[in-house]
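Student: Could we go through this one together, starting with the pocket? Please set out the terms before the numbers.

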Amino acid sequence: MKPLTHFPMKIQSTLLLAVSALFLSLSFAQAEDPSLLFEMRTYHANEGKLDALNARFRDHTIELFDKHRMVNVGYFVPVKNDGNVLIYLLAYPDKASREASWKAFMDDKDWKKAYAKSIADGKLVKKVDSLFLNPTPYSPIFRIEKEDPARIFELRQYTTNKGKLENLDLRFQDHTVNLFEKHGMTNLPYFHIADGQEGAGNTLVYLLAHKDKESRIASFKNFGADPKWKAASTASEVDGKLLIKGGVKSTILVPTDYSPMQ
């Protein structure tokens, strides 16, 4: 795949607990820099413990993450949340920084104290899933910001047939991203799964924002009917289908009250 125009990727995050509402900014060399690392973490709360888990993040964890140089991007719960799930996204300059930050966080006496207090009546989390992600070359510059009223978000994951991820990337790069914007959707990060994990080499993960549920429905309806999308979709699959059967997964998310991105 031909490289895109190179540009810095700037991430700005409102510090929730800063009195002066300062912004935390990170600048990265290039959008396609393979060392840039995001981590999507999914916490499966024990029955009846999701509120307590959110309280621990709100009151302690996000401030400590910031203290240890992790960038809080967004915290979300699915609209349909039968599994008592909390999903959040962190950013780091690279894998080494990630490991150093987590070690410092886990050793922090304030974290140990907050953790111990939070589980006095039982552990809050039964399972944690972690997925490391690298931004694609066409992942847009984005701001970590709040809107009022809060937006809804959509986590989408595409699984390609063998050898077709590059073709899918080209379709997003040349057509889909711009057409999403044309039809009122906000493009947030686009990711590939980092090497060494299940799905690496055949998976695209990305995040969209919508004004509300009705706007999302209207946007996708108009997008699907757009002649430019139809032409791009047909042209991209002249040599075979890009996605496996059932290869699109979508999860509608709402931000938590403490999420930097809303």
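Tutor: For a lining, Ala, Val, Leu, Ile, Met, Phe, Trp, Tyr, Cys and Pro count as nonpolar, Asp, Glu, Lys and Arg as charged, and the others, Gly among them, as polar. This is a predicted model, in which local features need pLDDT of at least 70 and side-chain atom pairs count only at pLDDT 80 or more, while totals for chains, interfaces and linings use all residues. Residues are numbered from 1 along each chain as its sequence is written, and side-chain values use heavy atoms, with hydrogens and water left out.

Student: How do the residues of the lining of the largest pocket divide?

Tutor: They divide into 11 nonpolar, 6 polar and 6 charged. A pocket here is an open set of points on a 1 Å grid over the protein atoms alone, where a 1.4 Å probe fits, with protein on both sides within 12 Å along at least five of seven lines, and lining residues have an atom within 4 Å of a point.

Student: And which residues lie nearest its centre?

Tutor: Of the 23 lining residues, P78, I87, S250, T251 and I252 lie nearest the centre of the largest pocket. The elements that give two or more residues to this lining are β3, β5, β6, β7, α5 (213–225) and β10 (243–255), where helices (H or I, at least four residues) and strands (E, at least two) are DSSP runs numbered from the N terminus.

Student: How much space lies in that pocket?

Tutor: About 630 Å³, the volume being the space filled by probe spheres set on the grid points, which are joined across faces, edges and corners.

Student: Switching topic, which residues have the most contacts inside the largest nonpolar core?

Tutor: They are F38, V73, L133, F153 and M261, in a core of 24 residues. Such a core is a set of buried Ala, Val, Leu, Ile, Met, Phe, Trp, Tyr and Cys residues joined through side-chain atoms within 4.5 Å. β5 gives the most to this core, with 4 residues.

Student: What is M261 in contact with?

Tutor: Taking contact as heavy atoms within 4.5 Å, and leaving aside neighbours within four places in sequence, the partners of M261 include V73, F76, F142, F153 and L188.

Student: Last one: why does A114 count as buried?

Tutor: A114 counts as buried because its relative accessibility is 8%, and buried means under 20% relative accessible area, exposed over 50%, partly exposed in between (1.4 Å probe, protein chains only). A114 lies in helix α3 (residues 109–118) and is in contact with R56 and H60, neighbours within four places in sequence left aside.
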